[in-house]
Every structure is written in C-alpha cells, then in structure tokens.
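Subject: Structure for your review

Dear colleague,

Please find below the structure that I am handing over to you. My notes on what was found in it follow directly after.

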Amino acid sequence: MELPISDNSFKVAPQPKLGCCGTEMELPKVSPKLQFDSCGTEVQVPPFGDSFKVAPKPKLGSCEAEVELFEVAPKPKFDSCGTEVEVPFSNNSFKAAPKPKPKLGCCATEMELPKVAPIPKFDSCGTELEVPISDNSFEVAPKPILGSCRTQMELSKNAPTPKFDSCGTEVEVPPFGDSFKVASKPKLGSCETEMEVPISDRLFKKAPKLGSFKLGDSTFYTLIENYANSGDFRSLEMVFDRMKCEKRVFIEKSFILVFRAYGKARLPEKAIELFERIVGEFQCKRTVKSFNSVLNVIVQTGLYRRALDFYADVVNNRNIRPNVLSFNLIIKTMCKLRMVDRAIEVFREMPTWKCDPDVYTYCTLMDGLCKDDRIDEAVILLDEMQIEGCFPVSVTFNVLINGLCKKGDLARVAKLVDNMFLKGCIPNEVTYNTLIHGLCLKGKLEKAVNLLDRMVSNKYVPTDVTYGTIINGFVKQGRATDGVQILLAMQEKGRMANEYVYSALLSGLFKEGKPEEALKIWKEMIEKEVKPNTVAYSAFIDGLCRGGRPDEAKEILSEMIKKGCNPNAYTYCSLMKGYFKTGDSNKAILLWKEMATSGITCNEICYSVLIHGLCQNGKLKEAMMVWKHMLGKGFVPDAVAHSSMIHGLCNAGSVDQGLRLFNEMLYRGSDSQPDVIAFNIVLSALCKVDRVSLAIDLLNTMLDQGIDPDAITCNIFLKTLDEKANPSQDAEDFLDKLVLQLYKRQRIVGASRIIEVMLQTFLYPKFSTWEMIIRELCQPKKVQGAINKCWSDLFF
C-alpha cells in the first residue's frame, strides 16, 4: 500500500514504474493515504489532519509496491482482516519516521530515491533498520534500468554499499547527503559470487535512432571472417539470415571468405550453391573474383570435369569475363586431364579476351607439356615467352629441368642451367633437389654428392628428400655402405633421417650380405626414437630371411603386431620365401593360412611365392593345387608363377605339359607374357631331351617377340653343340647367324651382347659381321650421344 506524501519540498519527480501487477499512478503534491483491496486495486483515501505521525512498515502482498516514507506520520491501524483504518493526521510538524525496508518480489517496482537521505543501518542479518529521512530537497531521479527478475538501480556519483539477501536479491538502500560515494563491490548472499547485471537490448535498438551508436557492416564482416576461419558454416548462415532481416548490404569479399572455407573443408558443391545464391538471395553483384574463388575450390578438390563444366556455364551464361587467373586455373585443369592440345588452344585464345598470359600461365602449360612427354614444345614455349616480353623465373626453369631429368637428358639440362644463370635466375632448393634426383636416376652418384656439397656451400638447406634420394641411389647401385656415410653426414648437419631412409639402408645392407651392419642401423633407428613403419619392418624381416634366419624374422613379425603396426602381404611373402629357402615348406603353408585368418588379402605375388617355393622343393602336386586355387579366386598368374610351374613340370619330366602351359602364356595378356627367363627354361628342357630343332624354332619366336637372348641362352645352345662332331665350328656359325638375325631386326645392343659372349668363349665372328656392327655403332646419332655424355660429365 502506498502512503501519501507532503508537498512542502518536492522537485519534479519522474513517473514511477510499478511491477507486473501494480498500477502506475501519478501522486499529487498533497495526497491522502491510499488503500488497496484484496485484488491489488488502489482505493483512494482523502487526506486528513494537519500533521503526520510516524507510519509503521506496511505489509506488502505478492505484488506490493515500494513506497516513500516521510518524517512525521500517524501510525496506521489495521483491522482483523488486514484492512487499514484511516487515521487522521496533523500538519503541524513532521517527526523522523523510520523508512521501512521494502520487500522486493520477482516483480517489485523500483522507486526513485531522494537526493538527501540519512545513512542506512543494517543489522547482522543484513536487514535494514528504519532510518528517518529529510524532506529538504528532491532531485529528478534518473530513469531506472530494469533487469529480468529484479530492478537494478542506477546511482549517481557516490552511493552507499548495496546489500543482498541470502537469495542474491539486492536490497534497495536510500541515498543520503549532498554527495554520493563510490559504491563498493556488492556482497552477495551465501554463495559470495559477484552477479553480472544483464543489459537490455533496447540500448542497441534505440541507440542508432539517437545517433549515439551505429551498427556497422564491418561488424558482420568480422563475424563472417571468424566463422569462416573456424569452419562454422551453421553460424555463417545465421549471420546471413540476420543481415537479410536487417536489410544489410552484402559485399562480395564476404562470400569469398566463405568460398575459401568451403575449399578447406573440401565442400566444392556448397561453394557452387552459394555462388548461385549471391545475386538472387543476397542482392550482391558477382564478379570474376568470386568466380575464380569457386573455380579454385573445385580444382583444388580434384573435380576437374566439374571445373570445366562450371567454367563453361559461367563464361557463356553469366556474363563474367575471365581474367588471367581464370585462364591459369582452366589450363591447369586441362593439363591434369591430359587435354594438353585443348589447353594450348585456350592459351592461344587469351588475346581475344584482351588478357595477356603471365609467367604462371607459361609455367602451367610447360608442366603439362613435360608430363605429356613433349619437352621440345615446352622448351620452344620458353623462347616464345621471352619474345613476348614475359621473363622467366626460377620456377619456369625448374619445370623444364625436372622434365629433362626424368627423361635422362642431362646434356640439355646442363645447357638449361647455363641459360638460367644468363637470365639472372638463381637456382633455389627445388632446382638443386631436381638436379640431384636426375643424377641419381642416371647413376651419377658422385656428381650428385658434389652437387649436394655445392648446394650447402651456397647456404641452401638440403631436405630429407634430397638426402633420401642420394641414399636410395647408392642402395640401388649396391653401395649401401656409401649410403650409410651419407646418413652420417646428414646427421652432422642436424637432419634426422625418417623411417623410409632407414628402410632403404636396411634392405640394401641385407642384399649385400652385411647383416651385422643392418642390425646396427636397426638399433640406431630404435635408439633415435624413429618409429618403424610397415616398410621398415618388412625390409628387416626380408633381410633376416635372406640370411637364412626365418625364425628370428617370425619373432620380429610378432613384435610388429604387438606394437600396433599391421603387416601387409609383402611382409608375409618375405617370411614365406625365408621358410622355403630353408626347405621348411610346411611352415610356409601355415603362414599362408595365418595370413588369410588375419584378414590380409592374398594377391598375385603371394601365390607366385607359394608356387615358386613348392616347385623348388619338389612339391609339384601342392603347387598345382595352389595354381587352381589362384585361378578360382579370379587372379591371373604373372610371369613368375608361369615360369615356376613350367620349370616344375619340366623338371618332373612333363615337358609337353610345360610346353602347353608356355603356349597359354604366349596368348595371355601383356602382364603374363614370357620373359627371357621363361624362354630359357623351355629351351633348356627341349635341349635336354634332344629336341634341338624345336628349340631353334622357339628361339626364333623369342626374337620375334622382341626379347634378346642373353648369356644363359647362348650357353644353353653352346652346351648342346659341344656334343656334336665339330662343336667349335658349329658354335661359331650358330652364334654368327644369331648376330645377323639381331642386326636385321635393328637390335644392335642384343647383337653386341652375343659378340661379347663369343669373345669370352674364344669364338670369333666373321669379318663381315664385325664390320656391320662397328659401322652401326659409329653412326652420327651414336657419336652425338657420346658427345652429349661428355658435356654432361664436364658440367657436373
């Protein structure tokens, strides 16, 4: 219930706001006592008397209103039903009346406080003691800011420390004095937690109208940028929806950020969908920038056909003119699809679009030409770009050097490097790595090491790939020990070898018959905490099996599985070969069954190992069973499996059956075509059973198939001719005719090998044969090849 107040000294007071159930009223200067009924409706009571006595603290209901109390007021009386009985009051004087502590409910009304008020007092429980206040002067109270559940009071200048009850509800304290002190941090109830006051969003809604605050589009751009970087596409759509609701202006660079985010998430279709929505839904103009952004997302994802369709649709139907970046992306796409001729056509069409190719356009097209084995055209393009005024950079030369190195044309590489220096392009790490890789492919390892030293002297840091390439080159040449020295030099430079480098060294050392050094490398790898992978374990197991230690290799396999490294088919094949090598074919077959139960698919190599091992151990019956099992699984036997079965059948005396299998092999696909080993097996079997004429016919078939005979082929026939009456003369005539047949087929290298075999066995070709072979070897092309080799040696 609200009590009347005196009008002796009031300044303009704001209109109070009551709770959710209270009625808002304007108080008169001198008003009588007010009374409320049980429904909360205010009953107006006329004023009475000349003075006020001290009024007691009113009892408020669930939606009670907080009232201002005055100094002198009569004490109200209430009947048994709680209804207040009017008491007359006098206006002679005012006495100090204690101000009651308002009980604020969930919808309590906040009242304006006067400026001059006594300092409140509180008891130990935090209950406010009634303190009389002065009515000297009142100022206009500021408009309160209301929270969600209780009223927050805004204090000016200095204010007393607010109090909170045990529920965290703030107890209103009246101000006092001419000035207010700085309010201290409020003490909350039993939880002792500082409470954050909610801020009404009316501040943001009304502020732009008042001119004090303006929501800028840069805020939304920042949100889009943050959400795009974090890949939060749901929040991005929410921001877009809010911008549409507030009729914000969309800018293209915001969508470009989202396109990049879709690219990182590998969602090209989402990027295309958003590109289609830009104009219709967001009323934003699309330009070549957004087009290039989406096109790049599609190309980076590897959807090259989709990129071509998107490019054609946009350029032909969306009125967007491509720029040089667009052409670079589409030329790259066509080169990836091996559509190099079409890429050249697009390149030639660029001037019609008033677009000049840049250095990256030329580099992209050169790379496509080199990968299509059209290096000469790529080199011509290098000259053309310089004529057009586009100067090459290091990347341009690196593309051409890489293509020439893969082709093995080191002489042209040397000239290209000279040209590179003349154009002022300095070789970088990619240049050196490419040259070292090319030298290793050609077996010029010493020159590769010298180039590595030059690279370091020029303050370029070789990568792990550089060292690994040289080490792998030494291993392939059977010089794994030299590879170990490169490893030590690598470690001195502070570089750590990876598991692939160690795998190559392990395999090379075991193949060279140096198991002890291989074990040292294995221990070093473990000590340096280089975790072996499947390749490293397989190389170690294969090396132990090569050394005749399959049981130790089986223990390594068990250790490999325990450490969570899954073996593959090659791992089991190496172990099976080890058991076959020691003659323990039963363990090899058990290992094959274990491999099947482990869920590892048996491939053609595994079947070939099984068939070869069983045939070597004389178990032809079991080999035939595996052969049938292989065919039943739909696998096509390779050349090794065919050769092993033919060899097993021929050794068992079934030469005709071996010949039938050999003829089947001739009519199979290219993967199963017989090699020189298969021919030698059948030739040897035919010569042993004195079927030389059939062997010679098979030799002619071998020549027709494009397979040159080797030293073993010659020895097979020489051994057969030794049993004749005049073996030396027959052998010379036979090999001389063989050289002539190879010469007629323009296979000079094969003919030269036969002559080498003749000289090693003290057999001499005819003078005419000598003359033909020497004349062929001294042709201008051969001489030019020798000169190019000298150029290469001089440069490197």
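With a relative accessibility of 25%, Arg-479 counts as partly exposed, a class that lies between buried (under 20% relative accessible area) and exposed (over 50%), as computed with a 1.4 Å probe on protein chains only. Please note that this is a predicted model, in which local features need pLDDT of at least 70 and side-chain atom pairs count only at pLDDT 80 or more, while totals for chains, interfaces and linings use all residues. Residues are numbered from 1 along each chain as its sequence is written, and side-chain values use heavy atoms, with hydrogens and water left out.

Salt bridges

The side chain of Arg-479 meets that of Glu-446 in a salt bridge, at 2.8 Å from N to O. Arg-479 lies in the loop between α16 (464-476) and α17 (480-492), and Glu-446 in helix α15 (residues 445-457), so this pair ties together parts that are 33 residues apart in sequence. Glu-446 is also partly exposed, at 44% relative accessible area. The term salt bridge denotes a side-chain nitrogen of Lys or Arg within 4 Å of a carboxyl oxygen of Asp or Glu. Helices are DSSP runs of H or I with at least four residues, numbered from the N terminus.

A second pair, Asp-464 and Arg-495, forms a salt bridge at 3.3 Å, N to O. This pair links distant parts of the chain, with Asp-464 in helix α16 and Arg-495 in the loop between α17 and α18 (499-511), 31 residues apart. Asp-464 is partly exposed at 26% relative accessibility, and Arg-495 is partly exposed with a relative accessible area of 26%. Elsewhere, salt bridges that share partners join Glu-237, Asp-241, Lys-244, Arg-277 and Glu-281 into one network. The whole structure holds 31 salt bridges.

Helix α23

Helix α23 (residues 585-597) has 13 residues and reaches 19 Å from its first C-alpha to its last, close to the 18 Å expected at 1.5 Å a residue; the expected span is 1.5 Å times one less than the number of residues. Its buried residues are Ser-585, Ala-588, Leu-591, Trp-592 and Met-595. Seen down the axis of α23, these fall within an arc of 110°, so they line one face of the helix; the arc is that of the directions from the helix axis to the C-beta atoms. The face turned away from the buried side carries the exposed residues Leu-590, Lys-593 and Thr-597. The buried residues of α23 pack against α21 (550-562), α22 (569-581), α24 (604-616) and α25 (620-632), where contact means heavy atoms within 4.5 Å. Gly-599, which follows α23, has a positive phi near 85°.

Helix α6

Helix α6 (residues 288-301) is mostly covered, as eleven of its 14 residues are buried. Its buried residues pack against α4 (252-264), α5 (268-280), α7 (304-317) and α8 (324-336). One of the buried residues is Ser-293, with a relative accessible area of 11%. Leaving aside neighbours within four places in sequence, Ser-293 is in contact with Ile-256, Phe-259 and Arg-260. Just after α6, Gly-302 takes a positive phi of about 95°.

Cysteines

The count of disulfides, defined as pairs of cysteine sulfur atoms within 2.5 Å, comes to zero. For Cys-363, the nearest cysteine sulfur is that of Cys-390, 8.1 Å away. Cys-363 counts as buried at 6% relative accessibility, and Cys-650 is buried at 13%.

Yours sincerely

Key: Helix = DSSP H or I, 4+ residues; strand = E, 2+ residues; numbered from the N terminus.
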